[in-house]
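Subject: Structure handover

Hello,

Here is the structure I promised to pass on. Please open it first, then read my notes below.

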Amino acid sequence: MALVYVAYQNLLDAAFGRPSLIATLLIMVVAAIYYILVLARRSDWNLHGPDELAG
């Protein structure tokens, strides 16, 4: 609920808040497109933790 309030207040601030929200949303869209087009297609892509790397 607090995050929605902060986002709403930033949306009302046309000088700094609104451009920041737009930039954040654009970054999220680019990251999602990259995930869909590149990372999701890799069948051998797995996240390895420190225990798996140690042997």
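In which helix is the place of Val6? Val6 sits in helix α1, which covers residues 2–12. Keep in mind that this is a predicted model.

Now the overall layout. The protein chain has three helices and zero strands. Along the sequence, the pattern reads α-α-α. The chain is more spread out than a compact globule, because its radius of gyration is 18 Å, well over the 10 Å that the globule rule gives for 55 residues. Along the principal axes, the C-alpha atoms fill a box of roughly 50 × 25 × 20 Å.

Next, confidence. The average pLDDT of the protein chain is 88. A score of at least 70 is reached by 93% of the residues. Helix α2 has the highest confidence, with a mean of 94. Helix α3, residues 50–54, has the lowest, with a mean of 67. Where pLDDT is low, the predicted coordinates should not be read in detail. Please bear that in mind when you look at the end of the chain.

Then the surface. Of the 55 residues, 4% count as buried. The accessible surface of the chain comes to about 5100 Å². Carbon and sulfur atoms account for 70% of that surface. There is also a nonpolar surface patch of about 480 Å². Val29, Ile33, Tyr35, Ile36 and Leu37 make this patch.

- Ala31 counts as partly exposed, because its relative accessibility is 44%. Ala31 and Arg18 are 13 residues apart in sequence. In space, their C-alpha atoms are 20 Å apart.
- Val6: back to helix α1. With a relative accessible area of 44%, Val6 is partly exposed. Partly exposed means between the 20% cut-off for buried and the 50% cut-off for exposed. Val6 and Ile22 are 16 residues apart in sequence. Their C-alpha atoms are 14 Å apart in space.

What should you take away? Three helices, zero strands, and a chain more spread out than a compact globule. Confidence is highest in α2 and lowest in α3.

Best wishes

Note on methods. Residues are numbered from 1 along each chain as its sequence is written. This is a predicted model: local features need pLDDT of at least 70, side-chain atom pairs count only at pLDDT 80 or more; totals for chains, interfaces and linings use all residues. Side-chain values use heavy atoms; hydrogens and water are left out. Helices (H or I, at least four residues) and strands (E, at least two) are DSSP runs, numbered from the N terminus. The radius of gyration is taken over C-alpha atoms; the globule rule is 2.2 Å times the number of residues to the power 0.38. Buried means under 20% relative accessible area, exposed over 50%, partly exposed in between (1.4 Å probe, protein chains only). Accessible areas come from the Shrake-Rupley method with a 1.4 Å probe; for residues, only the protein chains shown count as cover. Patches are made of residues with over 30% relative accessible area and no salt bridge: like charges are joined within 9 Å, nonpolar side chains (Val, Leu, Ile, Met, Phe, Trp, Tyr) within 5 Å. A salt bridge is a side-chain nitrogen of Lys or Arg within 4 Å of a carboxyl oxygen of Asp or Glu. pLDDT is the predictor's confidence in each residue, from 0 to 100.
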